[in-house]
Structure formats: structure tokens, C-alpha cells
Amino acid sequence: MSQQGDENYLTTAEVARQLKVKPETIYAYVSRGLLTSVRARGRRGSLFAAADVERLASKSVEHSGVVEQIESELTLLQDDELYYRGHSVRELATEWPLESVAHLLWTGDLTKRQPFPAPGDSVQLARSAMSVLPDSARLTDRLRVAVTVLGAADPMRFDLMPRSVVAAAEKLIGVLAASLPGPPRTSDTPQSLGKQLWPKLSPHPPRPELLEAALIMLADHGLAVSTIAARVAASARANLYAVVSAGLGALDGQYHGAAPTLAYEFLQRAQRDPLQALSDQLRSGEPVPGFGHRIYRERDPRAEVLLELLGDHPVVETVQVLAARMPSFPNSDLAVAAMMHAFEFRADAGDALFALARIIGWTAHALEEYAAPALRFRALGIYTGRGGPVEPKVRTARPSTAGGP
């Protein structure tokens, strides 16, 4: 390497300063293929192409106080359509099995896949953890407890290499689905997620393709609040179980994961009398659950697909009556609620389906974050308290009268 060429290369220390990481992290980037090192002539240590370092730095935020823009190759929302890695979610939901779509998000590879594994010992552990909860606990409560216990029982949870993370995600999702309360499996043959979940949620003859279509369409939706929580955890190099726990925590908020339940309860009233239910909701001053969206402008493609799959079921007619009176359009929450009513799902199934689906998406975002510089999310706090340091109060000692005047 010529002296002139050295100008285009940086030492390990220089790269660490530019990326604001430890030197050990630089070598982790090399092992993951994010940077390429070369040996320097006449000196010890490695050199790195400045252009490659600039490219890697550009993937992160400009400084540690900005989190508004996060680059991702996963999900595109454009012109009221949804795409995973360039593939239309409308087509994925109706033409591909859930496991294939999960791997598309995780690895970029869309091929036929086997059902997710659910080892019996892990299923028993998760069920035991869920069993300590009261009967009033929701399915999402049971999922959160099971994720924590399964993580504690996995000695290899700190292996963050992509292949290990994907394998852990497959097992986690498979075990969670098999562990939820409901009829036990009647066969040892591996089953798709939809086939495992259906009898736990509905007494009707199985329609696993419908359930899996819903899970596919809910798997990811860009940088929702729970996804940001998951990415922040992954940025700190939290293991997959901790990442999922972070996402589940944010999902439990009343403005996020509770939306399917609110739509379910509203649609329950609307099936008896659509106009009365709508009138009562409008009079309350609260938004009408299941309508409109912050990103979509004229339609929610996920709702359109799911309602089409429900065919001519009477609940679809109820949705149409409501939509005719609303200035906005049905969203995925209302479509999931319609599916739940059509097949008499248990009332808390919507939140649980949302959570299980998003575990797929959170895993994909975690994999992206593991490949990026660590600890890159630090919000810039704006101090609004009283100015300057608070002066400590000086206590004046009283003269003692003990032992004399």
C-alpha cells in the first residue's frame, strides 16, 4: 500500500473515534461483514477504507440526540400499500405461509419453510409459568411471562449472530403458540402456526389460512412505538427475549396494543344496531374504534384483504354499514375484530395475535440493529427545571447550654 493510498484509510483508533464505539466493536463489525480490514505496510494493526467507514457511519443517526430517522430495509408504506422487502403484503398474505414471510423479513429469503419448532420441554416450561397467573390474566399477560421465563432458561440467549437469533425466534414463536391455553395437540407432526392457534381461539372448524393471513399483515408496520422500543433494546445489545419483552411492554399501552380490543367491543355493539352504536360512540366524544389511520389516506390494505377473505359473512355487512356513515375507512383493527366475531374468538385474542405477529417484526428489526453501531439511540434531553444548581441550605448551629453558661 503506497503512502498516497494511506490517506484513504483509517486506523482502528480513528475508526472507533469516528463511529463513537470501542475498538472491540470495530472487530465485531469486521466479523459481520460490515467493514473490511487490510494490513498496513511497515506498521502494526489494521487499516479500514475511509469510504467504508463513512458508509457505516451514515447508517446511524448524525448525533446521539436524534432518533427521528432510522434507516431500515424491511417495510415500505407507500401509496396506501404495504410492502415487506419489496414484496406486496397483499400477495404475501394470500400466497405464502407465515413461516416463509417471517424468514423474508429476517433474512431476505422468500422460500418454503418448515413449521416453527415447539420442543416439549420448552412448552411445558412456558405453560408452568403461565399457570401461576390468575384466571383473569389476558393472553398477552401470559405471553409476557412466558417470554421472560423462556429467556432465563436459554443459556445461549446472548449469542447475537444472525443464524442464532433466527433459530431462537423460530423456537420462541412456536413455543408461545403451543403454550397458550386451549385444547392440547392431537399429533406430534409439526403444525403451522395457524393450525396450532386456531383451536385455542375459536370453537369453529379451522380456517388456519385466514389466521395466518392476519398474522402476516400485522407482522410489521414500520417504526411503530413498540418497534422503536425493541430497536432501542437491541441497540444496547439486549438478547432477543429482552428485545421482545421491550416490545411487549410498549404494546401493552392503551394507545397501541389495546386497539384491537376496543374495535372488538365497538363491533360487538354495532352488530346489534350499527347506527345506534355509531351514534353512542360519536356522542361520547371519543374516536370511533377501527376507523382511519395516521399513515394511510384512503384505505388500509390489510383491512381490505382480511375483509375480502371473510366473504359474505354478516359481520362484513355490519362493517359496510358503518363505513358508509363514516368519513374515514376501516383499518386493520376493525378487520381483525370482524374475524374474531365471525368465528367467535375469545375476546382477548386480538391483542395476542397482534403481539405474536409483531414478534416476527421485532426480530427483523433487532437483526438490523445488531448489525448497526451499538448504543446509537440517546435522546437529547431539554432541561426545563429551575436554573442553576440548587444551593444547599446551611444549618446554623445553636449554642449549647450543656455543662455551663
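Thr11 stands opposite Leu47 in strand S3, where strands are DSSP runs of E of at least two residues and helices are runs of H or I of at least four, both numbered from the N terminus. Three bridges join S1 to S3 (residues 46-49), and these strands run antiparallel; two strands pair if DSSP finds at least two bridges between them. The model is predicted, so local features need pLDDT of at least 70 and side-chain atom pairs pLDDT 80 or more, whereas totals for chains, interfaces and linings use all residues. Residues are numbered from 1 along each chain as its sequence is written, and side-chain values use heavy atoms, without hydrogens and water.

The open sheet has three strands in the order S1-S3-S2, with antiparallel pairing. Its edge strands, S1 (9-11) and S2 (37-39), each pair on one side only. Neighbouring strands are turned by 45° against each other on average, direction ignored. Helix H2 (residues 12-19) packs on the sheet and touches S1 and S3, its direction making about 90° with that of S1. Axes are lines fitted to C-alpha atoms, for helices over the stretch in contact, and angles run from 0 to 180 degrees between N-to-C directions.

## A mostly covered helix

In helix H16 (residues 301-310), seven of the ten residues are buried, that is, under 20% relative accessible area (1.4 Å probe, protein chains only), with exposed over 50% and partly exposed in between. Among them are Pro301, Arg302 and Leu310. The buried residues pack against several elements, including strand S5 (81-84), helix H5 (89-95) and helix H19 (349-370). Just after H16, Gly311 takes a positive phi of about 65°.

## Two crossing helices

The axes of helix H12 (residues 225-235) and H19 come within 9 Å and cross at roughly 40°. H12 is therefore oblique to H19, since angles under 35 degrees count as roughly parallel, over 145 as roughly antiparallel, 65 to 115 as roughly perpendicular and the rest as oblique. Contact (heavy atoms within 4.5 Å) involves residues including Ser226 and Arg231 of H12 and Trp362 and His365 of H19.

## Arginine 138

Arg138 lies in the loop between helix H7 (120-131) and helix H8 (139-152). Because its relative accessibility is 29%, Arg138 counts as partly exposed. Leaving aside neighbours within four places in sequence, Arg138 is in contact with Arg144, Asp252, Asp348 and Asp351. The C-alpha atoms of Arg138 and Ala352 are separated by 8.4 Å, although these residues are 214 apart along the chain.
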